[in-house]
Amino acid sequence: MGTQRSKPSCTIVAIFLAFCCFVSSSKAKLESLQHAPKADGSLSFLVVGDWGRKGAYNQSLVAFQMGVIGEKLDVDFVISTGDNFYDNGLTGVFDPSFEESFTKIYTAPSLQKKWYNVLGNHDYRGNAKAQISHVLRYRDNRWVCFRSYTLNSENVDFFFVDTTPYVDKYFIEDKGHNYDWRGILPRKRYTSNLLKDVDLALRQSTATWKVVIGHHTIKNIGHHGDTQELLIHFLPLLKANNVDLYMNGHDHCLEHISSLDSSVQFLTSGGGSKAWRGDTKQSEGDEMKFYYDGQGFMSVHISQTQLRISFFDVFGNAIHKWNTCKFDSSDM
């Protein structure tokens, strides 16, 4: 009798658990991480994107120069702006491409630090869940990747955002590509929740500096141009919350655009391997400070009052520098 009476309750529990799985699969939740700065409160890091080609298209040369600059700057970590594995992401957590494009390429002592990654559209063409799996962290403990998350380092808050699900064309244009939308559908719910979570995290931040990282461009004169969906959904959040830097990849170039009506600097670091020469569009409405249609990467140094960025080409030459300051009003 007792066993018979338990069947309906078991059924209800099963239905409830299935419902919870459905809801959680489409709800965006931001993981929260910490990374301690240096003893003086400063932080240095490199930024590279669109790199994973098993060393080809000068990926190995860019990696070598990253190691050299990383040692000079004593970097604390590396940020990847996505498209980590070409052309179609990883096939699974044991795909040898992980070692062939990452572990065996970025071998310099200075690069044996945490790598904070976001997913790009090419990563979604493979097994996207593999890249956010804890298994990869066991294969190489440098690897850190979630769909979206925050990283605090005292004076700086970083916001890593999963931008691919916002771009309409990946859902309406096939072109022979298959995308791994597990955990994303229903899309509208996922993108709406993520937008709210990012907005809340930005508003709650009390850090001196706010840095947002996504794969796709917001402002850009390269091959892809502006990403209209991000102009609509994310640009107002960046401006309203006084974000200092938006860093992205997607376009295979190095670029710096300065907003004329806000504090936001738009920085593209997508030159980790294959680059696109001579493919540019007109700049409208903002100040174009720098554009380089070649391979390379970026460095950032942040202290309590100063922020410095530098772009480097594949030979390790510093080809663009920019800095800004903030002062505590209580010190004035």
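Mentor: Strand 10 (residues 254–258) is joined to strand 11 (residues 265–269) by five bridges, and the two run antiparallel; strands here are DSSP runs (E) of at least two residues, and helices are runs (H or I) of at least four, numbered from the N terminus. Two strands count as paired if DSSP finds at least two bridges between them. This is a predicted model, in which local features need pLDDT of at least 70 and side-chain atom pairs pLDDT 80 or more, while totals for chains, interfaces and linings use all residues. Residues are numbered from 1 along each chain as its sequence is written, and side-chain values use heavy atoms, without hydrogens and water.

Five of the five residues of strand 10 are buried, so the strand is largely enclosed by the rest of the structure; buried means under 20% relative accessible area, exposed over 50%, partly exposed in between (1.4 Å probe, protein chains only). In a regular strand, side chains alternate between the two faces of the sheet. Leu254, His256 and Ser258 point one way from strand 10, whereas Glu255 and Ile257 point the other way, and all are buried. For the chain as a whole, 56% of the 332 residues are buried, and the secondary structure comprises ten helices and 15 strands.

Elsewhere in the chain, seven strands form an open sheet in the order 5-4-3-2-13-14-15, and the pairing in this sheet is mixed. Strand 5 (143–145) and strand 15 (318–325) are at the edges with a single partner strand each, so one side of each is left without a neighbour in the sheet. Strand 3 (residues 77–80) and strand 4 are paired in the parallel sense over four bridges, and Ile79 stands opposite Tyr116 of strand 4.

Tyr116 also belongs to a cluster linked by ring pairs, together with Phe45, Phe77, Phe146, Tyr149, Phe158 and Phe160. Rings of Phe, Tyr and Trp (its six-membered ring) pair if their centres lie within 6.5 Å; planes under 30 degrees apart are stacked, over 60 edge-to-face, and the rest tilted. By this rule there are 28 aromatic pairs. One of them joins Trp51 and Trp115 in an edge-to-face arrangement, with 5.9 Å centre to centre and 70° between the planes. Trp51 is in the loop between strand 2 (43–48) and helix 2 (59–73), while Trp115 is in strand 4 (residues 114–117), so the pair ties together parts that are 64 residues apart in sequence. Trp51 counts as buried at 0% relative accessibility, and Trp115 likewise counts as buried at 0%. A further aromatic pair, Phe102 and Tyr106, is tilted, at 6.1 Å centre to centre and 50° between the planes. Phe102 and Tyr106 are both buried.
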